[in-house]
Structures are given as C-alpha cells and as structure tokens.
Amino acid sequence: MSQASQASPASQTRDSSSLTSAWWQQLQAHQANSQPSPLDEFRHAALDALDGAGRLPGRKDEHWKYFSLQALETLQPELNLPLNALVTEQQPSLLANTQACRLALRMGARLSPAALQPACLPAGLRLLGLEEAVREEPLSVVIRELLAREQLQGAGRVFQAMNTAALGTPLDNTMVVHVAQGVDAGRLQLDWLPAQADAADATVWLENARLIIVLEPGARLQLLESFSPAESGQERPPAILNQVTQVQLSENALFDHLRVQMAGVNQHLFLTGQVYQGTGSEFRYTGFELGGGLVRNELLCRLDGSAARSDLAAAFIGKGESCVDHHVLVDHVAPACTSAQNFRGVLGDRSRGVFNGKALIRPGADGSSVRQSNANLLLSDLAEMNTKPELEIYADEVEASHGATVGQLDEAALFYLQSRGLGEDDARRILTGAFCRAIGARLADRKLVEQIEVLLDAAMPALAELGEEAA
Amino acid sequence: MLEIKNLHAKVGGKEILKGLDLSVKAGEVHAIMGPNGAGKSTLGNVIAGRDGYEVTQGEVLYKGQNLLELSPEERACSGVFLAFQYPVEIPGVNNTYFLRAALNAQRKFRGEPQLDSMQFLKLVREKLEILHISDDLLHRAVNEGFSGGEKKRNEIFQMAVLGPSLAVLDETDSGLDIDALRMVAEGVNRLRSEDRAIIVITHYQRLLDHIVPDFVHVLADGRISASGGADLAIKLEERGYTWLAQGGIAAVPAPAGSRAGA
C-alpha cells in the first residue's frame, strides 16, 4: 500500500474541502476492504497523485481561473452507488426514435451486470464490466495502455484522479464498449437519467462513471449520449457526475459521438474525454451543453497515426448562474492529420463560458491541417465569456486557421426579421437559435437535427428579461 | 394610403431629409429617382422604422395613422413592406420557417387564424410559380449564399407571400443583369393591384421600362425637387439630374392627383 493511501483524514492538507474529505473517507474505507485486483496499480497511482485528500483546483490554477468550484466545496456527497436493477427501464429520452440500441442509466446508481446484455446489441458490439474486460486478452492490453496514459498529477487533475482511485470498487461505474474488427455497430444510445425521484431522499450523489471504448481496425460506432433534466417542478439535491471517457481507435476506425446534455441547475458535470487515434481513423464529436450548473468538459484528442481526422464541434448555452467550460487539446503527433474545432456559445443572465482550445502540432507532424473557431453571443450585460484559442506549431507545411469572436446579435439581421412582422423577442430568439443550429446542421440525420433544434429553442435563456437588461 | 408632410430626418447626426412631401394613393406606383446621397434609401428606412434614422420634424401618415409611432414589426403587420437594397443573410434560419413565422405573426396581429404548414406550403407554391422561382430556395437559409439576383427575387417573393398594402422597393434593380431585372419587374407587375401602393426607389430609368410608374419624383438634397409622369424618367435619363438643378424643373408640371413636390 502506498504512503498516500495510508493517510488518515486527520492528516489532510489544510485547504481540502468537505467535498474532498468526503471522497477521501469513502475511498479509504474501500481501500481497506478491497481484494487484490489487476487494477490496483492504477488505483494506487491515483491515490498517490491525490496525495492525501487532494485539493480542489482554484483560481490560482491556470486552467481553472475562470471556473469556480466554490459552490461544491461544502457538499458532502455519497459515493457508494447502489446497484441499480432497473437501468433498462423505458424512460423517455431527450432523443427519441433514434433506431439505436438503448441503455438508460440512472445517476447515483451502479450498472447491473444484466444491463450490459441488452437484447438489442448487434453482433460484434460488446458491453463489459471493467473487471471482466481486464481479464480478457488482448483487450486488457489496450485498457491498461489507456489507463497508463492518464495524467493524474496536480490539482487540475483531481477529478480524474478521484475517478481512477475508485476503479474496481463499488464507488466506480465503468462500462467497456468493444467493437470487433471491421464491424459497423450502428448506434448505441446511453441516456443518463436524474437520480431516483424520492422527495424524502436528500442524498447528494457523486458518481464516478467511466466509459472505455475500443474500436478495432475498420470498426464503426455512433454513440448517442444524453443527460435528461430532473422532471419539472422537483427540487433536487445537488448531484455531481465525474465521468471519464477513454477511446482507442485503431486504424481506419470511425467513432461518431453525439452528446446532448440538458441537466438541471443542481447537476454538475465533470467530463474528461481522451481519444487516441490510429492511422486513418476518424473521430467526430458533436456536443450540446444546454443545461447543468457547473459543466466542465475536457477533451484530449491525440492523433497518433497518420492521416487521422478529428472533427470537434459543440454548442453551449449558459443561463442563470451556470458556467460551461470547454478545455480542448488536439495533439498532432503523426503527419498528415486533420483536425477541426468549432465551438459556439450563447450566454445569458449571469452565466459564464470558457473556451480554451489548443492545437499542438508536434515536430514531425508535417502536412497537418488545423481549423479552430470559437464564436460567442452574449445576451446580457452580466454574462461573461473567456476564450483562448491557441495554436502551437513545430512542424512544416502546416495549414492552420483560428479565431474567436464574442459579440451581440447582428442588428441588421434583427431589423430584417422585424421588418417582416416578427416581434423583437421572437426575432432575437430566432437569431440566437440559428447561431447554435449551425452546429446541429452537421449531423446527417434530419430527424436528430430536428429534435436538437427543439431542445436548443427550449434551452435558450429568457429573452424578454434580457431585452430589458440590454436596453 | 401614405401621406408624408415636411419630413426631416437625421442619420448619425446629419440631416438627410429636409422637408420631404409625398402623397401616394392605393393602386398607384410611384418611382423615386435621384442622385446618390439624395436621401432615397433614408426615406425607405424611415418608412420601415429602422433604428438610427431620427425623424426631427414632419409626419408620416399611413392609412390615416401616425406611422412613426409604430415599431418596425407593427408597421409590417399593418401592411408596410420594405424590399431591402441589401437583403441580409441569416445563416441557420430556413427561408420557409422564417417566412411562415413572419406571415403568422402578421396574421396574429390582424386577428386572422394561423396557417399550418400545409396551408402555408400551398400559398408559397402559388407565389413561386408567379415569380418563376424554383422551390430549392425554400430549403435554404435566408439569403445565405444567394446570388445578387436571387436575393432581390427573394425580396419580391416575400412581398408576394406577405401581401402588403404599401411596398417600398429600395433599389431592387441594383446588381441585376438584364434577365434578372426583367424577371423581378415582371414579379412586381403581377403584384400591382387596386388596393396596393408601390414606391419604387431607383437610380436608373431602365427598371421603369419594365415597371411603368404612374408618377415619377426626383429626390434631390432631401426633398422632392420635381414630379411628373412616366415620361419624366425618360427625360432624366436623357439629360441627367444636373438638368433639373439648372431649372429644368419648370418644364415639368406636377401631375394632377399628386401633391408631391407642390
């Protein structure tokens, strides 16, 4: 056992919060009871990285300057997830009629083994628990490599370190998705539902979830992931989802990830995505962050094989006091790869947005092509956007463009709509919606596009009040 | 239909309209010509209610009502339409969606029932046919990637669908080749009717070969400096605006039925 994991709660660092203390105590309890597991080395590395209870990143940490965790510090969350036998129950999803093999997952509940065997799974697509997957060769090699590549040191990595420290314990909720060589697995849909509706239950859930996705050469998968809001009119205790998604794409594999999130204001999402791409592989990410209180989405794409493509786009909406933060790093290691980042934000009320997008073109990644764009609309004087697109180029013959804008609605367009009879509020709503719809337009499936447009409209900040503020 | 009396308007602190009078009756087509900077587009924008156009004096009565008190959308809903000199591109807003939202907003304002998609599509198809526009225009974003001619035709198409009582066409001929010009003009001619007034703002007489106006007015230095029949446009084309400035105005008596320029 490592030194760090022997630390008692009494020896916690001075600035640890009640949130990290609660994590630590529960991790400790499981550490003491756990049986030896092939995942121990990763768990111990994470505990070492946490060095005691760990510290939540603050304003002094470069990448957390504009993302305050203060609202979470005093929470005392429960990490022990009860096993959920009902995960496949038919619940309405944000995305309907998708022709997908669908799993419904309740936040604050652990996947039951039965849930991993839905009848709809096509041949060549398998869902496995982590313990099962790491005992299977050669899949375990890929998984161990993914886990070994995690960067867990430093306050900025505390969420991922906490997640990894829980691996293989009942505090962990990991699902491995495997698509066999050459198989087009079609669509898999994961619907995250809010924690069980029980008025008397005031449990603050902190869920460590992890998706490990392995696509063998030439395999294809489309993942639709949705986060539903709590049913309207229900006051929920806060919930935190700490989700890590690790993806290994072998040569010529294609992974298309659509994420639509309309979490409630009390739901806080910490997402870490790490995608490693082999030669000729393609990763498409289309995200819609339309709700949530604190939403942090960190995405790393590492282009390890030549001629790989990474195409990332997201629309995000901030309202109330919410904060939506995208930290994106596309790491061009191999030559002749292509990447695109296209992020659009609409911020109303007192909300805050952050975009920190970086493309790193390493020596030898010659002939890379990089596009990067972040455009934002501020709908209120009190909303704030911090944007920082970065390019670092150390290779030759690189084609690169980047840019960021923060602005208001185009007055000429507004007048044009009004001159046709649309009221100012409607005109503003239409233009704001259109700004985000540009992201949805890239989806090939017309039915999905239409559903997303409805969700976008529903998620828009209240414009009537904003109009007054702007006046 | 429209009575403009002693209209003074400023743009960015600079007085552009300096006592303009104009009277337009239902069923009439008036052409307003004039050199660059005379205030032609300002007139269109003041009528439509654009921000930044400050009326300092005078009045604009539309169907007996003070038009200047109304918001741009209220004007549109009451039947005022401006075909833009530079139609605005609006990426992400589908042309059909936009036009149906606009038409239904106008119908709601007037207490008329909303059109559902089927009813709307039927109406749209009729109008497309009149204007010889292919329906692929319907599926595109408003004006996005349209050629100059397509944009102008889209303006007239919107006019056809919305069916205004008063339409102001602001340099609808600019940037059009001869074929496109003829097509746009033909569309406008089909929209002439007894209960509709049209004001055509243009630089050149060539549009008026196709849309023959009942009255022609010359706008110079912020006011109507001359008025006449369709033949005035031809004389202007031959002799230029300087001819007017040198006293040519006296040769053109104001036509009966128009108080403009009196």
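**Backbone exceptions and a buried tyrosine**

Asn6(B) lies in strand E1 (residues 2-11) of chain B. The model is predicted. Phi of Asn6(B) is near 50°, a positive value, and the residue is not a glycine. Its relative accessibility is 32%, so Asn6(B) counts as partly exposed.

A positive phi also occurs in chain A. Ala336(A), not a glycine either, has a phi of about 60°. Ala336(A) sits in the loop that links strand E15 (323-332) to strand E16 (338-347) of chain A. Ala336(A) counts as partly exposed because its relative accessibility is 40%. Most residues other than glycine have a negative phi, and most peptide bonds are trans.

A cis peptide bond joins Glu137(A) to Pro138(A), with omega near 0°. Pro138(A) belongs to the loop between helix H5 (130-134) and helix H6 (139-148) of chain A.

In chain B, Tyr62(B) is part of strand E4 (residues 53-62). Tyr62(B) has 1% relative accessibility and therefore counts as buried, the cut-off being under 20%. Leaving aside residues up to four places away in sequence, Tyr62(B) touches Met1(B), Leu2(B), Leu67(B), Ser78(B), Gly79(B), Val80(B), Ser165(B) and Leu166(B). With Ser78(B) there is a polar approach: a polar atom of the Tyr62(B) side chain lies 2.8 Å from the backbone oxygen of Ser78(B). The C-alpha atom of Tyr62(B) is 8.6 Å from that of Ile4(B), and the two residues are 58 residues apart along the chain.

Notes: Residues numbered from 1 in each chain as written. Chains lettered and ligands numbered in written order. Predicted model: local features only at pLDDT ≥ 70, side-chain atom pairs only at ≥ 80, totals over all residues. Heavy atoms only, no water. Helix = DSSP H or I, 4+ residues; strand = E, 2+ residues; numbered from the N terminus. Buried < 20%, exposed > 50% of the residue type's maximum accessible area, 1.4 Å probe, protein only. Contact = heavy atoms within 4.5 Å. Polar contact = N/O pair within 3.5 Å; in protein donor to acceptor, adjacent residues only side chain to side chain.
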